[in-house]
Amino acid sequence: MANPLISLLLRHGAAGVLAGWISLGGLLWLDVGRLRTLIMTDQGGGVALLMLAAGFAVTFGGAAMGAAIMGLGRPLPPSRPYRRWTTGAGGAPAPAACRRIRQP
């Protein structure tokens, strides 16, 4: 694609739609609030399922595209992973200083 911004939005939008549909599938599979039972026993269940799928796609896709736009100005993270421990002499883990909090 010629414009990298459009490509970024399309990729993040598609990922958001997929995440929304996976979330909807999980809700239906777990039958949260008897949602699956309500949809499957109703005559217009297909329309309700289509509306739910469209709503989840728009919501999650829009959130993913918004997050992509908000993250445009941030620098890339460093290539090496962050260190979890403070290191002492020789690279051995060293105890970190902390103070005790008294609880009433």
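I began with helix α1, where I found Leu8, Leu9, Gly13, Gly16, Gly20, Leu24 and Leu28 buried; buried means under 20% relative accessible area, exposed over 50%, and partly exposed in between, with a 1.4 Å probe and protein chains only. The model is predicted, and local features need pLDDT of at least 70, side-chain atom pairs count only at pLDDT 80 or more, and totals for chains, interfaces and linings use all residues. I number residues from 1 along each chain as its sequence is written, and side-chain values use heavy atoms, with hydrogens and water left out.

**Entry 1: the chain as a whole**

I counted 3 helices and 0 strands in the protein chain; helices (H or I, at least four residues) and strands (E, at least two) are DSSP runs, numbered from the N terminus. Along the sequence the pattern reads α-α-α. Of the 104 residues in the protein chain, 15% are buried. I also looked up contacts, meaning heavy atoms within 4.5 Å. Among those in the protein chain with a separation of 6 or more, 57% join residues 24 or more positions apart. The protein chain exposes about 8,900 Å², of which carbon and sulfur atoms supply 67%; accessible areas come from the Shrake-Rupley method with a 1.4 Å probe, and for residues only the protein chains shown count as cover.

**Entry 2: α1 and α3**

I compared each helix with its expected span, which is 1.5 Å times one less than its number of residues. Helix α1 has 27 residues and reaches 39 Å from its first C-alpha to its last, close to the 39 Å expected. Helix α3 has 26 residues and reaches 37 Å, close to the 38 Å expected. The buried residues of α1 pack against α2 and α3. In α3, I noted Gly45, Ala53, Phe56, Ala57, Gly61, Ala64 and Ala68 as buried. Their cover includes α1 (4-30) and α2 (35-41).

**Entry 3: the core**

Which residues make up the largest nonpolar core? I found 5 residues: Leu24, Leu28, Ile39, Ala53 and Phe56. Helices α1 and α3 each supply at least two residues of this core. A nonpolar core is a set of buried Ala, Val, Leu, Ile, Met, Phe, Trp, Tyr and Cys residues joined through side-chain atoms within 4.5 Å. Leaving out residues up to four places away in sequence, Leu28 touches Leu35, Arg36, Ile39 and Leu49.

I searched the whole structure and found 1 salt bridge, defined as a side-chain nitrogen of Lys or Arg within 4 Å of a carboxyl oxygen of Asp or Glu. Asp31 forms a salt bridge with Arg36, and the closest N and O atoms are 3.9 Å apart. Arg36 counts as partly exposed because its relative accessibility is 32%. Asp31 is in the loop between α1 and α2 and has a positive phi of about 55 degrees although it is not a glycine. Arg34 lies in the loop between α1 and α2. Arg34 too is not a glycine, yet has a positive phi of about 55 degrees. Arg34 counts as exposed because its relative accessibility is 57%.

**Entry 4: a surface patch**

I then looked at the surface, where Leu5, Ile69 and Leu72 form a nonpolar patch with about 260 Å² of accessible area together. Patches are made of residues with over 30% relative accessible area and no salt bridge, like charges being joined within 9 Å and nonpolar side chains (Val, Leu, Ile, Met, Phe, Trp, Tyr) within 5 Å. Ile69 lies in helix α3 (residues 45-70), and Ile69 counts as partly exposed because its relative accessibility is 44%.
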